[in-house]
Amino acid sequence: MTMGKIIFYEDKNFQGRSYETSNDCSDMTSFLSKCHSCRVESGCFMVYDRSSYMGNQYFVRRGEYSDYQRMGMSDCIRSCRMIPMHRGQFRMKIYESENFGGQSNEMMDDCDNIQDRYRMSDCQSCNVMDGHWLMYEQPHYKGRMMYMRPGEYKSFRDMGMSGQRFMSMKRIMDSCY
């Protein structure tokens, strides 16, 4: 299995002190007072603008990210999660309401608009059986996103996503690495 490697820098344009990791980091302030740029040497990561994997999220893959604010984030990077490579099938069941209520549909591939495909007006909970997914608040993979790894998610609101709707979903595939 290929491990990811990411280097964080205190300032924009890869300046200042740096911190390198291949693992999850729930609080970057243990290593850097601030983090405004990063370079992904391999793998894929989610970076967050709050500690403990909270706040706005952004998906990063191999490449250079010289200015965190240009990525659409309001503050600096405070935590990160390494996304393991998944080979095999992808399965997720989405539910219209919290606590796995309302209309439900099982997905095995990307969906650019749940309203068009499933006639669902909203997605408030899900069960990820296989694979790693990105959920987007707008159709066609736009807007704020949330990383979903295998597990049950009874309420997106309880995860700090109050008022946020998810209207499209994409698998994190080998091609992302």
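Here are legends for several close-up views of this predicted model.

**View 1. The open sheet of four strands, β7-β6-β8-β11.** Let's start with the sheet whose four strands follow the order β7-β6-β8-β11. The sheet is open, and the pairing in it is antiparallel. Its edge strands are β7, residues 101-107, and β11, residues 151-153, and each of them pairs on one side only.

**View 2. Strands β6 and β7 side by side.** Here we zoom in on β6, which covers residues 91-97, and its antiparallel pairing with β7. A handy landmark is methionine 92, which has methionine 107 of β7 standing opposite.

**View 3. The open sheet of three strands, β10-β9-β12.** Another open sheet in the model has three strands in the order β10-β9-β12, again with antiparallel pairing. Which strands stand at the edges of this sheet? They are β10 (142-148) and β12 (168-171); each has a single partner strand, so one side of each is left without a neighbour in the sheet. Neighbouring strands are turned by 25° against each other on average, direction ignored.

**View 4. Strands β9 and β10, with the loop between them.** Strand β9 spans residues 133-138 and pairs with β10 in the antiparallel sense, over five bridges. To find your way along the pair, look for tryptophan 133, whose bridge partner in β10 is methionine 148. The loop between β9 and β10 holds histidine 140. Have a look at the backbone of histidine 140: phi is near 65°, a positive value in a residue other than glycine. Is histidine 140 buried or partly exposed? With a relative accessible area of 44%, histidine 140 is partly exposed.

**View 5. Tyrosine 53 in the loop between β3 and β4.** This view shows the loop between β3 (37-50) and β4 (54-65), where tyrosine 53 is found. Tyrosine 53 is not a glycine, yet its phi is positive, at about 60°.

**View 6. Serine 121 and its surroundings.** Serine 121 has its place in the loop between α1 (114-118) and β8 (125-130). A relative accessible area of 37% makes serine 121 partly exposed. What does serine 121 touch, not counting residues up to four places away in sequence? The answer is Glu96, Gln115, Arg165 and Met167. With glutamate 96 there is also a polar contact of 3.3 Å, joining the side chains of the two residues. For a sense of scale, serine 121 and isoleucine 83 are 38 residues apart in sequence and 29 Å apart in space, from C-alpha to C-alpha.

**View 7. Histidine 86 in the loop between β5 and β6.** We finish with histidine 86, found in the loop that runs between β5 (79-83) and β6. Buried or exposed? Histidine 86 counts as buried, because its relative accessibility of 18% falls below the cut-off for that class, under 20%. A polar atom of the histidine 86 side chain lies 2.8 Å from the backbone oxygen of glutamine 89. Leaving aside residues up to four places away in sequence, histidine 86 touches Asp130, Gly131, His132 and Asp174.

Notes. Residues numbered from 1 in each chain as written. Predicted model: local features only at pLDDT ≥ 70, side-chain atom pairs only at ≥ 80, totals over all residues. Heavy atoms only, no water. Pairing = 2+ DSSP bridges. Helix = DSSP H or I, 4+ residues; strand = E, 2+ residues; numbered from the N terminus. Axes fitted to C-alpha atoms, helices over the stretch in contact; angles between N-to-C directions. Buried < 20%, exposed > 50% of the residue type's maximum accessible area, 1.4 Å probe, protein only. Contact = heavy atoms within 4.5 Å. Polar contact = N/O pair within 3.5 Å; in protein donor to acceptor, adjacent residues only side chain to side chain.
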